[in-house]
Each structure stands twice: as C-alpha cells, then as structure tokens.
Amino acid sequence: MFQKGRVTQLVLGLALSMPVALHAQTAVEPIEILTTTEAYDPIRYEGAYMIAEAWKELGLDVTVSPTEFSTLLGKFYDQQDFTVTIAGWSGRVDRLDPQFYLGTLNSANAVMGANNPGGYSNPEFDEVFEAQSREFDQAKRQELVHKLQEISAPDAPLAILFHRDEVVAYNKNNFENMNAMAGEALYSEWVPMEAKPLTDRTTLRYGGPQSPDNINPMLANTVWAWKWMRLYYDRLVRLTPDVEVKNWMAESVTAIDETTIEVKLREGLKFHDDMPVTSADIKFSYDYLVASDYGYFNSYLAALDSVEIVDDLTVRFHLNAPSAPFASITLSQISILPKHIWEKIENPMELAPADIPTVGSGPFKFNQYTLGEFMKLDKFEDHFHADEIAVDSVEFQIFADSEGVFTAVQTGQIDVTAWRMEAGQIPLAEANENLQVISVPDFGYYHLTYNTRKPHFDDVAFRRALTKAIDRERIVNVLLDGRGEPGSSVIAPVNAFWHNAFTERLDFDMDGAKADLEAAGYSWSSDGKLQK
Amino acid sequence: MISPALKEAFAPLRLMLQDRLAVVGLVVLTLIFCMALFAPLIAPQDPFAINEDEDGSVLMRTNDGWILQPSLGLVALNDTASRSGEDLIVGRKGSLWIRTADRWELTDVPVTADLNGIALTDAGAAIIVGSEGTLLLRNGSDWEVIATNLALSLNAVAWLDDTAALIVGEDETILRFDTTDNSLTPLVSPLNRGMALNAVALDIDGSALVVGERGVAMRYVPAAETIELVRLGSSRGLEDLHISPSGTALAIGERGTLIRRDGADGRWTVDKTPDSRGLMAGWINDEGKGFAVGRNGIVMERAPEQDWVLADTESERHLRTILVNDDGVLALGSDKFVIRFAPPSAQHWFGTDHLGRDLFSRSMYGSRIALLVGFLGATLVMIIGTNVGLVAGYYRGKTDTILMRTVDVMYGIPFEPFALILVLLFTPSLGIVILAVSLLTWRTTARLIRAQVLSLRERPFVKAARVAGASDLRIMYLHILPNVMPLVFLELAITVGVAIIAEATLSFLGLGPPQSVSWGGILHDARLSGAWRTAWWWNLPPGIFIMMTVLSVFFISRSLELVANPRLRARK
Amino acid sequence: MRNSGYLIRRFLQALLALFIIATLLFFLFRLGLPDPTAVLVSEGLSPEQRADVRRQFGLDLPLWNQYLIFLQNTVTGDFGTSFHYRAPVSEIIWERLGNTLVLMLAAIFVSYGIGVPLGAWLSWRRGTSADSWGIFFGLMFRSAPMFWTGMIAILVFGVWLEWLPTSGMRTLPYEASGFWDKILTLDFLHHLILPAMIVAMFYLGSPLLIMRNTMLEVYGEDFIEMARAKGLPERSVLFRHAARNALLPVVTQLAVTIGLAAGGQVVVEVVFSWPGLGREILNAVRTSDFPLAQACFLIMATFVIFLNLLVDILYSTLDPRVRLS
C-alpha cells in the first residue's frame with residue numbers, strides 16, 4: 001500500500017572510508033549480453049535490452065547479442081565464451097530435490113561443457129554441498145540447503161531473474177478434477193489418472209508444440225519424451241502433486257541402513273502383455289541402464305552400487321555412499337522395463353523406430369505414435385490403480401507452435417494445453433466460457449550468469465552492483481504481465497521446504513549499485529564511463 | 001557515349017507518366033519514401049518506448065463485474081479509510097481525496113510526499129503516513145505535520161484506541177503515536193532483519209497485528225508493551241491485513257497469497273488462490289465474505305464458505321486498496337501500468353502492442369527497413385546478376401557453362417533455411433538479411449540478362465564494333481549494356497518488390513535484425529504474442545503497408561516492361 | 001548425335017552441381033553450426049554423457065572420415081539417422097516431402113488452372129477496364145506476403161466463421177495406413193483448402209501476366225495476322241492459334257515453380273501448422289540435426305536442378321527457334 005524507498009547512506013559512508021586509488025584507472029571493458037532470439041523467447045530477449053539499459057546507466061558499454069538457441073548453448077556451456085548470458089532451467093519434478101540446481105554452483109561443474117559455466121567457485125559452498133547430498137535426515141539436510149543459499153546469495157554468481165508462471169487452460173465442460181502441479185502444470189503424471197470426464201467422451205486430449213524426440217526408453221533424451229513415457233512405464237514410487245513420495249509399484253521402501261534400501265513390490269503387478277512383474281524385472285531395469293551408454297539418468301544412478309534380488313517381490317539397492325535423493329528421485333524416475341522383452345535386444349540404442357518395444361506396466365498402455373503428429377495411450381485395466389482412473393484413453397496432439405495449440409483448445413479440438421500459453425492468449429482464454437485458466441508457479445528459473453573468469457566479473461562487488469541494477473520486478477510486471485516472480489535463489493520460493501526466504505536478495509537499487517561500485521574502488525570518467 | 005545510355009534511362013520515366021497505374025505506383029512509393037525519411041518527425045513516439053500511465057483509477061463493483069469509473073487525478077491512490085458520512089483516499093504526491101455528498105474533492109495537505117496509509121476513528125480522528133517519514137494528523141479541517149525525523153517510508157497506520165496509533169514502515173520501523181502529547185515512541189522489532197512492514201490492523205483483543213515482507217508477522221500488545229513474532233503460515237511477502245469487527249481476518253500478499261482466519265479464535269489458513277499475481281489489498285467481513293485486489297486489475301471475491309474466484313474486471317490497472325461502505329465497493333489504484341493491446345485511439349492511431357508500444361510509430365519506422373532492404377538488396381542483385389549475365393552471354397562456351405551451372409546451384413538452395421544458416425553462422429543483422437536476399441535472387445536476373453545478351457551479341461552493331469577493334473569490355477559495357485538497360489530496370493523494379501517480401505518473410509520468421517522495427521517484425525510479434533486473433537489493429541496495418549509498397553513497385557515495373565518490350569503496348 | 005551428347009553433358013553437370021551443394025553443406029554444417037548435443041545440457045547431461053551421445057552420432061570421427069561415410073551413404077540413398085528423432089532420415093523425409101508436394105501441387109494446379117485462361121482472356125480484352133482490374137488483382141495478390149494473408153484467412157474463415165480448420169492436415173486423431181490413405185479423404189481436402197488457396201492466390205499473378213503478355217506478343221506475329229486475314233473468327237484465332245503458341249513461357253514458368261515446390265513455402269507451413277519439408281528443414285538446422293538437414297537440402301536441390309534441366313530441354317523441343325548449343 002506504499003512505495004518502497006531506499007536507504008543508501010550507509011554504503012556511501014563506507015565509500016568515503018576507502019583508500020583513494022592513486023594510479024590512473026582504465027575503463028571497464030564492454031559487456032556483451034548473450035540472450036535468445038526474439039522468436040525463441042521474447043521475454044529473455046526484451047529482458048536483455050532492459051538490463052542493458054540499466055547497466056548503461058552505471059557507465060558501462062553494453063551490447064546485446066540475440067543468438068540462435070543452439071549457438072547460445074554452445075557458447076555458454078561448451079566454449080564458456082561469454083561474459084554474461086541469459087539462460088534458463090526448466091522445472092522438472094525431479095528437480096524439486098535441491099541437488100540439481102545447487103549443483104550448478106558447485107565448482108566441480110565448472111569444467112567445459114558442464115552446467116556451471118559461470119565458473120562460480122567457493123570452497124565453503126562445495127563442502128556444504130557435499131555434506132547435504134550425503135545427509136539422510138530431512139531436517140538436517142534442509143538446514144544445510146538453506147545454508148548453501150545463504151552462502152551463495154551475497155556472492156552474486158548469477159542473478160536469478162524470475163520464475164515464470166506456467167499459465168495453461170483446460171476445457172471445463174469436458175473434464176473436472178484437474179489439479180495442477182508446480183513445474184508440470186496440467187501435463188503431470190497425475191492429471192490423466194485423476195481427471196473426471198463430464199461428457200460421454202472419456203478420452204483426455206492434450207495438445208502441445210513439443211514432441212518427444214523418440215519413444216525408446218533407452219535413447220530418449222528430452223523431458224518431453226519422458227513426460228509421455230512415464231504414463232505407460234511404471235516406477236517404484238511416484239512423487240505426488242505435493243511432492244511427497246508415494247509408494248507406487250512398491251508396497252514398502254525401507255532403509256535397512258545408510259547404504260541399503262529394500263523395496264517390496266505389490267502383489268499381482270502385470271506388464272501390458274500379461275506377464276507378471278517380479279523383482280527380476282526391477283534388477284534388470286536398473287542394471288540394464290547402468291550397463292548401457294544411455295546417459296540421461298546417470299546422475300540418478302551414480303550412487304547405485306548393485307541391485308540384489310531377495311525374493312520374487314523384494315529387491316535391495318546397495319549404494320556406494322549414502323545418497324539423500326536416491327529413495328525419492330531415483331526410484332521415482334527410473335522406469336521398470338519388462339526383462340523378457342528387453343533382454344533379447346542386443347543394441348537398444350540402434351532399434352529401428354518400428355521395433356521399439358512399448359510394453360510397460362504403467363496405468364496406461366501404448367496405442368499409437370505418429371511421428372511429429374499424434375500419440376495415444378489406453379487405460380490399462382489390469383493396473384492396480386485402474387479403478388481410480390476415470391478416463392479410457394489419453395491423447396497428445398503435436399502442433400507447430402503455441403498458436404496452433406491455442407486455436408485447438410479454443411475450438412475444442414483438444415481439452416488441455418500441455419505447455420504455457422503466450423501473454424496475448426491468456427485474456428482470450430479467460431474470456432472463453434468453455435475454458436478454465438490455471439496459473440501454476442514454476443520452480444525452474446531464468447538466470448543471468450556472469451562469467452566469473454572474466455575481468456571485473458571476478459570481483460564480487462562488481463557482480464553485486466550489476467545485480468542490484470537489474471529491476472527484476474519491472475521485468476516481471478512488464479514482460480510477464482505480473483505472471484511470475486522476481487528470483488532470489490536457485491531454489492524457488494514455491495519449493496517452500498528447501499527455499500530459504502531470508503537470503504540476501506540484492507533488490508533493485510540503482511543508487512545502491514553506484515555506491516557499491518564506488519566503495520569497491522570504481523570511478524567514473526568525465527564522460528560518465530565506469531573505470532577502475 | 002554516355003548520353004544514349006542516359007536517354008535510355010529516361011525513356012522509362014516518360015512512358016511511366018502515360019500509364020495511370022504507374023503514376024499511382026509512383027505517388028504511393030514517394031509517400032512511403034517520405035514516411036521512411038521523415039519517420040522520426042511523423043512518428044509521435046520512439047518505436048521502442050513502452051507506454052505507461054499513472055492514474056487515480058476507480059473501479060466500482062456492479063452486478064456486471066467491476067466497472068471503471070472516471071478517474072481521480074493523475075496519480076495513484078494508495079489507501080482509504082471510511083466512517084459513516086466520510087470517506088478518505090490518500091495517494092501519491094500528497095494527494096488526499098475526501099468524499100462528501102457523493103463528490104470526491106481534492107483536499108490540500110501541507111506535504112508533497114507519497115501518502116501510503118490512512119486511519120480514521122469513528123470519532124473522526126485521522127492520521128496519514130507516507131514516504132520520507134511523513135506523518136499527518138487531522139486538526140479540525142486542517143492537517144498538521146508531525147516531525148518524525150525519519151527518512152524512510154512509513155507504510156501503514158492503525159488506531160489502537162482513540163488517542164494512540166501504531167505506525168509501521170520500512171526497515172522494521174514500528175512507532176507508537178499518542179495524540180495526547182503528539183509523542184512518537186519507537187518500538188524495537190523482535191526480528192531485526194531490516195524487513196519492510198507493510199500493514200497493521202487492530203485485532204479484537206486490543207492488540208495490533210503487523211505484517212510485512214517475506215511473510216513476517218508480529219503482534220503488539222499495548223497493555224504489556226511487547227511485540228512478539230507470530231506465524232501466519234507463509235513466507236510470501238504480505239501487503240495488507242484486514243480484521244472484521246468479530247475477528248475474521250484476511251492477510252494478502254505477493255503471488256496471490258490469501259491467508260484467512262475464521263473468527264477471533266480461528267487458525268490462520270492459506271486459501272487456494274485463483275491467480276498467482278500479486279495482491280495489494282484485502283477486505284473481509286464477519287461472515288467471511290471477502291474481496292482482494294491486486295496487480296493487473298485482479299479482483300478476487302469470496303462468498304462465505306466458498307473458494308476465492310476471479311471477478312470480471314476489464315483493466316490492466318494495478319489496484320492498491322479497497323473501499324467498502326454502505327454505498328458499495330470500490331477498488332482503487334493505479335500506479336504505473338502498461339497500456340497493452342489498446343485499440344486505436346486519438347493517442348495511439350494504430351493502437352498498442354503487447355508491451356504497450358505505439359504501433360503507428362512502429363509502422364512508420366518499419367518502412368525504413370523495407371525500403372532499405374528492398375532497394376539496397378535489389379541494387380546488389382542487379383550488379384551481380386547483370387554482370388554475370390553479360391559475361392556469360394557474351395563469352396559463351398566454358399565461361400557460360402560455369403556461370404550458368406553456378407546459377408543452377410543457387411537455384412538449388414531454398415531461401416528461408418539458407419537465411420537461417422547465415423544467421424547461425426554469423427549473428428542476425430541487417431547485413432545478413434540483405435546478403436540472404438541478394439545471394440538468392442541474382443540467379444533469375446542473370447539468366448534473363450544472359451538470354452538477352454545472347455541475341456544482342458549477334459546484332460550488326462556489335463559485329464561492327466568488334467570489327468572496329470573494340471575490346472571485349474568496351475563492347476560489353478558500352479554497346480551491349482545500354483541495350484539491356486530497359487530489362488535491367490524492369491528486373492530492378494520487380495526485384496525490389498521481391499526483396500521487400502523476402503525481408504518481411506525473414507522478419508516474420510524471427511530471423512530479422514534484432515531491435516529493429518520492420519513490418520514483418522511487427523507481424524511476428526503479433527503472432528508470437530497470440531493476440532493477433534483479436535488485435536486486428538496490430539495485424540492489418542503492417543500487412544497493408546507491405547502490400548501497398550510492393551504493389552506500387554510492381555505498377556512501376558509494368559510500365560518499365562512496356563519499355564523493355566514495346567510489343568506489349570496496347571494498340572488503340 | 002549432338003543432342004544426346006548435350007543431354008548427357010547437362011545431366012553430368014547437374015550431378016556435379018548436386019555434389020558441390022552436398023559438399024558445401026556438409027562442411028558448412030559441421031564447421032559452422034553449433035554442437036548438436038549442446039541442447040542436452042539443459043536436460044542435465046554431463047560432458048561425459050554428451051561425449052557418449054556424440055559418439056553415437058558418429059561425430060567423434062575425423063571430419064574427412066565422416067565426409068567419406070556421408071558420400072558413401074548418399075550415393076546409396078541412405079541419408080543416415082536423424083540426431084533428433086533417432087529414426088532413419090529417409091522415413092521422415094519422404095513423408096514430409098509428400099505433405100509439402102501435395103499442398104504445393106494443389107496450389108499450383110489452381111493458380112495455373114485459373115491464371116492461364118484468365119490471362120488469355122485479358123489479353124483479348126486488352127486496354128479495357130477488365131484488363132486493368134485483372135492486372136491490378138493479379139499484382140495485388142502477388143504483393144501481399146503469404147504469412148499475412150494466411151493469418152487473415154485463419155482469422156476470418158477459421159476463428160470468426162469457423163468454416164474451415166486452421167492447422168494440420170487431418171483432424172486428429174486419425175488412422176491411416178499410408179500416405180495415400182491419409183490424403184484421399186474429404187477431411188484432408190477440408191484442411192487443404194485454406195493453405196492451398198493462400199499459396200494459389202500468391203502464385204496466380206505470374207501465369208496470368210505471363211500468359212497475357214505473351215499473347216500480346218504473339219498477336220503481333222505474322223501467322224496471326226495471316227489467320228486474321230483468312231477471316232477466321234477472333235475466338236478461334238485467340239484459342240486455336242495464339243494461345244497454343246503463347247503457352248511455352250507459361251510452361252517454362254510452371255516447371256520452374258514445380259521445381260521450387262519441394263522447398264515449399266515455409267511461412268505457409270508455419271502459419272498453418274502444415275507438417276511439411278520446409279518446417280522440418282528449419283527445425284533441423286536450428287537443432288543442428290545434420291543428417292536430416294542435409295537430406296532436406298539435397299532433395300530440394302535435386303528437384304530444382306532437374307526440373308530446370310527439364311525446362312531447358314522442353315524449350316528446345318517445343319520452340320524450334322531455340323537451338324541447343
């Protein structure tokens with residue numbers, strides 16, 4: 001109910017107490033902001049220009065280079081050839097565990113091609129990071145995770161720009177009981193199982209612009225393939241919409257000791273070809289993945305040492321070190337494949353598309369996949385959860401872009417948009433009496449990463465000042481129309497358990513940024529250029 | 001030797017003036033040229049400027065949703081207070097509105113700071129707080145400034161009883177103010193993390209509840225003079241707090257946060273929110289009927305025992321406060337809001353786009369790139385095409401074969417993917433667009449010129465020149481070239497049209513130069529934003545401009561065709 | 001015979017052109033485009049895992065080695081495996097090519113079917129207002145970019161009137177046993193109307209104006225004057241004599257247009273979500289899917305180059321005035 005003012009006197013006072021630089025100062029090198037093209041992501045594109053304007057106010061030479069996405073990734077990750085890059089991490093349910101996002105600040109990942117291209121390196125952070133990944137006790141781990149955020153925030157290794165809400169729509173005349181999930185919106189594994197048809201049509205139809213790269217569970221490298229396949233390949237446990245671990249194929253999951261986890265299967269589980277699911281299939285699925293060249297799940301499997309069959313329905317996972325995320329993330333992400341089919345396949349990565357087995361044990365069974373156009377699954381009547389499922393089949397229609405998807409949901413060709421709508425479509429969807437618009441916070445984030453190896457960006461004060469000069473709130477309000485929130489930590493506020501609400505935020509404060517720079521020994525030349 | 005060439009060059013102009021369509025084309029093209037040249041003068045705005053407005057917006061609740069009322073001034077309204085027979089609104093820049101007999105009157109106050117909060121007792125005692133430590137106390141009909149010696153912003157105020165008020169503000173400022181001696185007592189916050197405190201309300205047990213940034217909540221008990229932290233169950237920033245006479249309470253905040261307490265002894269529970277954008281003010285009554293308003297014109301309503309639902313509002317405005325009294329419900333705002341998707345108006349002739357940019361200005365500037373690429377590209381094409389055609393046709397044999405097979409290769413490369421590769425290899429820029437357009441268009445010109453040259457080189461005057469000992473270069477450029485000039489001009493005109501469409505196509509596909517305004521780019525934005533199906537004002541003008549420009553060039557080319565090919569002239 | 005020697009030479013030159021294009025593309029892609037596995041970082045793959053993927057793609061081999069494999073494969077008609085789809089390129093590409101061709105050929109058929117007779121008629125009525133209007137509209141359609149007319153058409157016929165579907169080739173879901181099964185349905189025709197009309201409108205101007213202008217030229221020829229002198233009715237002169245002789249440039253233009261058809265109209269495929277080759281090639285280049293992109297480019301180039309060759313041959317066969325040399 002008021003305007004927020006800013007206090008800067010304190011910092012100014014600090015500046016005065018600094019020793020005066022005696023040598024001549026040189027201008028700070030020009031900064032190039034690498035961002036996506038407007039076509040790829042208009043938000044990141046416009047955002048880069050807004051940030052550039054702000055930095056120019058600090059006396060910096062700033063250029064913005066909108067770059068085709070693949071080139072951008074190459075420069076960012078592979079060559080680390082950048083000073084500042086705007087990129088993003090999508091929120092996937094397995095990333096609710098803090099391991100992944102915090103890992104992007106771990107110095108072990110600062111090598112070429114890995115996911116800490118900014119090269120942030122803080123021994124204290126690395127140490128606590130190691131400790132939390134070995135910590136089994138949730139409360140203790142939470143403390144460590146909170147500490148990690150407190151350690152990294154003042155260093156400003158990157159500016160978390162914003163978390164963008166996923167705004168999706170569904171047809172409320174056709175379905176009800178559609179419960180959105182953070183990071184997944186309505187295209188979660190639960191919606192098809194929970195949706196209640198309101199008409200005679202019991203087929204739930206999704207539409208989206210993303211298509212799976214392929215449907216080979218030993219080859220698929222995109223989240224869009226797995227979002228689909230997880231409906232027909234079952235997992236030992238699944239994560240609920242509230243991100244709690246729910247025993248699924250497993251009747252019980254018990255930690256025998258720090259490095260041994262015992263899983264007991266439900267009785268009467270079946271594959272879609274009527275063969276029973278036994279502990280042999282579980283062991284096979286895990287061993288098969290570990291032995292293969294397929295790397296998509298390697299990070300989840302790193303802690304696994306061996307799988308031991310105890311009896312027909314019981315397996316034990318032996319870990320090589322205590323691993324906090326194993327019982328939740330790993331068990332909920334690894335699909336159970338039928339041993340009797342896959343053991344005959346010698347080179348699963350070279351299967352012709354027509355030969356890829358599609359038998360799983362999930363709540364839905366495979367029906368059809370037309371490359372780039374259409375996919376369909378039917379309810380699996382013999383699944384233990386079948387009685388709870390009200391739809392008879394699930395379809396996914398693939399469109400060229402979000403325009404096609406929106407037209408389809410408007411005309412009733414699909415029931416649910418699997419991916420977010422564009423800003424201009426939202427008011428139209430809200431005005432459409434058949435549609436229900438849902439806004440779901442995301443725990444993925446868009447970030448501006450500084451290359452801490454480059455001159456001045458190795459200076460914490462410089463990074464902090466630049467971060468303070470970014471008006472994240474304005475970016476959210478103008479570019480996202482308020483549908484998102486300014487970021488403060490790699491762990492999003494919506495991920496309430498792990499998020500540390502009291503880390504330093506470096507909120508927008510232009511005067512403060514200038515004062516910080518001055519305090520750190522920077523000054524401005526007669527023509528207003530920043531120098532040190 | 002130059003004059004015949006010049007003569008040839010002027011011949012088209014004479015012919016053009018006889019052709020009605022060509023004259024139309026010339027006129028339109030000239031207009032568009034003027035548009036490009038004088039774009040900064042014609043365009044009312046910088047094409048990148050985001051149009052934002054501040055406004056004393058008032059929305060009234062009716063049966064058909066919340067309807068915009070005539071605005072109160074040009075600055076945002078921040079807080080309201082009301083008692084029987086009197087309503088007050090405070091806003092930015094020292095604005096105070098008082099409603100008497102259904103009329104809002106702007107009332108003078110002795111400060112110009114932003115006024116953030118106001119509180120009123122039933123007896124009529126009124127207190128206002130604002131930025132820069134502003135504190136005002138009503139004294140009769142005058143407002144007395146109370147010095148606080150604080151530089152930071154005071155955000156909210158609530159009466160504890162008839163003579164004491166609690167003021168909260170930035171940096172966990174908590175002040176107790178007593179009107180008996182106009183004394184200010186600073187109170188120590190139990191948190192001490194520098195959080196902003198945003199709202200305060202008197203609870204029914206006589207204590208005051210304070211909420212603020214990052215879900216901070218604390219309770220001040222006047223009797224015991226203590227402040228203790230309380231938990232409301234969210235770490236979201238809280239912006240406003242309202243407690244009904246019987247103790248039903250509502251705290252609202254960022255990200256659609258709605259925290260409700262049913263009755264004085266109820267537990268605080270986080271309600272399911274129908275929107276994730278920020279809320280700025282909330283109101284609830286004893287039965288649990290409530291309103292919450294926030295950014296981008298969001299209004300949420302709640303019937304007792306029901307979920308919160310979004311109400312119909314038609315505005316982009318940011319709502320900051322709610323005024324509820326016997327006459328009805330008003331939602332008030334609005335600090336700077338973006339004028340998005342505005343239909344054409346006197347201010348914005350072609351409306352505005354998704355970022356509130358003036359589309360008329362953008363369309364004016366858009367002509368520059370179209371013409372630049374059109375004419376520069378076409379000239380480049382002509383230079384390459386004419387020379388290749390001349391050389392191939394004149395020398396024939398191996399030279400011809402090599403050049404013509406190169407033309408074949410160029411024909412084999414599709415335009416859009418080729419442009420994409422260029423963009424990937426280099427970076428998107430105007431140069432790349434011109435390069436892409438010209439590299440893939442000279443092929444047609446080269447072919448046509450070559451065919452013409454092939455027949456010209458057998459003509460007697462060429463043979464004569466050769467016999468006279470003229471060099472190859474001389475023959476090619478002084479004897480043959482002037483004779484193919486009509487064809488070159490014709491091709492030039494057609495190529496200008498083709499190049500303009502090609503540029504628009506690339507921009508539409510998002511391959512155009514960044515941060516430039518082009519007609520294709522405007523359409524690209526329109527499609528990307530999804531608004532093109534309703535925002536016809538966004539869609540139509542750029543397309544019409546492209547069409548008009550290209551059409552006028554084609555009209556001109558048609559009369560050039562008559563020059564190049566006299567047999568086409570209609571014989572009367 | 002001189003002619004057959006010429007034909008063989010031209011044929012070999014065309015093959016050489018294709019070879020040059022293929023080689024250029026191969027090196028351009030591999031040296032200029034980003035690493036196709038870079039995108040996997042956002043999926044959480046580590047550098048080692050990405051190296052594995054690169055090995056699967058055969059990108060770990062020396063460049064010349066990759067080039068030899070590429071040449072060998074191309075000659076045998078095997079375009080390799082798509083990096084993105086992990087499926088044989090040929091399976092993807094023939095389907096997409098078919099989709100593009102059926103749209104483009106329908107559009108070309110319509111535009112020439114209307115444009116040629118209309119052009120002849122306009123030439124006959126030269127100088128009248130019908131002539132002027134005909135030229136005006138032909139040029140106007142040619143001046144409006146297809147993505148814009150397409151968007152307007154979707155707005156009017158798809159969104160407001162709801163007469164016609166606005167995206168895709170068939171109403172989903174559908175089952176089809178093959179390409180022909182897919183397109184020999186009313187549903188397909190329904191989807192075809194809008195995009196085909198938009199392309200046809202754009203193409204209409206060229207046969208119309210070429211036909212009209214050539215007819216005007218032909219009117220000046222001696223044999224027409226002779227036919228007129230013989231007292232033949234104007235209509236018969238128009239269609240029997242003039243039109244037949246004026247067709248040649250139109251046919252040439254037609255062949256060139258068909259040649260370029262394989263490339264499709266990328267913007268139309270984008271605006272109408274048409275699963276054609278043009279959209280596929282953009283995606284392939286964007287995602288650095290080298291095998292798929294190379295195959296798309298090669299197919300388009302083959303089409304254009306051989307149809308251009310055909311045009312040259314056609315010209316020499318039909319027009320006795322042009323001698324092959």
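Biologist: Which side chains meet in a salt bridge of 3.8 Å, N to O?
Modeller: In this predicted model, the count between chain C and chain B is 1 salt bridge. A salt bridge requires a Lys or Arg side-chain nitrogen within 4 Å of an Asp or Glu carboxyl oxygen. The 3.8 Å pair, N to O, is formed by the side chains of Arg10(C) and Asp408(B).

Biologist: What share of the area buried between chain C and chain B do carbon and sulfur atoms give?
Modeller: The contact involves 50 residues of chain C and 45 residues of chain B. The buried area is about 4700 Å². Phe147(C), Trp148(C) and Met151(C) supply 14% of what chain C buries there, more than any other three residues. Of the area between chain C and chain B, carbon and sulfur atoms give 73%.

Biologist: Which helix gives the largest share of the side of chain C that touches chain B?
Modeller: Several helices of chain C each supply at least two residues to that side, including α1 (2–32), α5 (129–143) and α6 (146–160). The largest share is 8 residues, and the helix is α6(C).

Biologist: How many nonpolar residues does the side of chain C that touches chain B have?
Modeller: Across this interface there are 3 residue pairs in polar contact, both at pLDDT 80 or more. By class, the side of chain C has 7 polar residues, 8 charged ones and, as for nonpolar, 35.

Biologist: How many salt bridges are counted between chain B and chain A?
Modeller: The contact takes 59 residues from chain B and 47 from chain A. In chain B, Arg214(B), Arg255(B) and Arg533(B) lose the most area to chain A, together 15% of what that side buries. Arg255(B) also pairs with Asp165(A) in a salt bridge at 2.5 Å, N to O. Between chain B and chain A the count of salt bridges is 7.

Biologist: How many charged residues are on the side of chain B that touches chain A?
Modeller: Between chain B and chain A, 18 residue pairs are in polar contact, both at pLDDT 80 or more. α11(B) gives the most to that side of chain B, with 5 residues. The residues of this side divide into 20 nonpolar, 15 polar and, for charged, 24.

Biologist: Is Ser332(A) buried or exposed?
Modeller: Ser332(A) is in helix α11 of chain A, residues 326–333. A polar atom of its side chain lies 3.0 Å from the backbone oxygen of Ile329(A), and its side chain makes a polar contact with that of Gln333(A) at 3.4 Å. Because its relative accessibility is 2%, Ser332(A) counts as buried.

Note on methods
Residues numbered from 1 in each chain as written. Chains lettered and ligands numbered in written order. Predicted model: local features only at pLDDT ≥ 70, side-chain atom pairs only at ≥ 80, totals over all residues. Heavy atoms only, no water. Helix = DSSP H or I, 4+ residues; strand = E, 2+ residues; numbered from the N terminus. Buried < 20%, exposed > 50% of the residue type's maximum accessible area, 1.4 Å probe, protein only. Polar contact = N/O pair within 3.5 Å; in protein donor to acceptor, adjacent residues only side chain to side chain. Contact = heavy atoms within 4.5 Å. Buried area = accessible area lost by both parts, 1.4 Å probe. Nonpolar A, V, L, I, M, F, W, Y, C, P; charged D, E, K, R; others polar.
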